[in-house]
Amino acid sequence: MAVSSDEVRGFVMQALTIMEVDLADVHEDGTLGPAGADLDSLVLAELVVRVEEQYDIKFTSDEMEQMGALTVREFCDLAVEREHVARS
């Protein structure tokens, strides 16, 4: 069964809670980096690894470099896209 953006978003929020990130600044249309959720590079890297492991996907180097500029929605959609590619 294919994963949905809502499922990934739920996992992301749960992971950020476990990582003790204050969710008050985390909004679906806010960026993950300084202009939004303000996740530092280590927290963002840990989040990416958790998503990769949960959904058995791998982001490209170029995607990794742009993660901080993505909104939460874009990040979740990208994870879904990677999961669909991995299943193909």
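Residues are numbered from 1 along each chain as its sequence is written, and side-chain values use heavy atoms, with hydrogens and water left out. Because the model is predicted, local features need pLDDT of at least 70 and side-chain atom pairs count only at pLDDT 80 or more, while totals for chains, interfaces and linings use all residues.

**Helix H4**

Begin by selecting residues 72-87, which form helix H4; helices here are DSSP runs of H or I with at least four residues, numbered from the N terminus. At 1.5 Å a residue, the 16 residues of H4 should span 22 Å, and the end C-alpha atoms are 23 Å apart, which agrees; the expected span is 1.5 Å times one less than the number of residues.

Next, colour the buried residues of H4, which are Val72, Phe75, Cys76, Leu78, Ala79, Val80, Arg82 and Glu83. Buried means under 20% relative accessible area, exposed over 50% and partly exposed in between, with a 1.4 Å probe and protein chains only.

**The nonpolar core**

Now select Leu47, Val51, Phe59 and Phe75, the residues with the most contacts inside the largest nonpolar core, which has 27 residues. Such a core is a set of buried Ala, Val, Leu, Ile, Met, Phe, Trp, Tyr and Cys residues joined through side-chain atoms within 4.5 Å. H1, H2 and H4 are the elements that give two or more residues to this core, and its largest share, six residues, comes from H4.

Centre the view on Val51, which touches Phe11, Val12, Ile57, Phe59, Phe75 and Ala79, not counting residues up to four places away in sequence; contact means heavy atoms within 4.5 Å.

**An aromatic pair**

A search of the whole structure finds two aromatic pairs, counted where ring centres of Phe, Tyr and Trp (its six-membered ring) lie within 6.5 Å, with planes under 30 degrees apart stacked, over 60 edge-to-face and the rest tilted. Select Phe11 and Tyr55, whose ring centres are 5.7 Å apart with planes at 80°, so the pair is edge-to-face. Phe11 lies in helix H1 and Tyr55 in helix H2, so the pair ties together parts that are 44 residues apart in sequence. Phe11 is buried at 16% relative accessibility, and Tyr55 is buried at 11%.

**Two loop residues**

Finally, move to the loop between H1 and H2, where Glu20 lies; its phi is near 65°, a positive value in a residue other than glycine. Asp38, in the loop between H1 and H2, has a positive phi of about 60° although it is not a glycine. Glu20 is exposed at 74% relative accessible area, and Asp38 counts as exposed at 52%.
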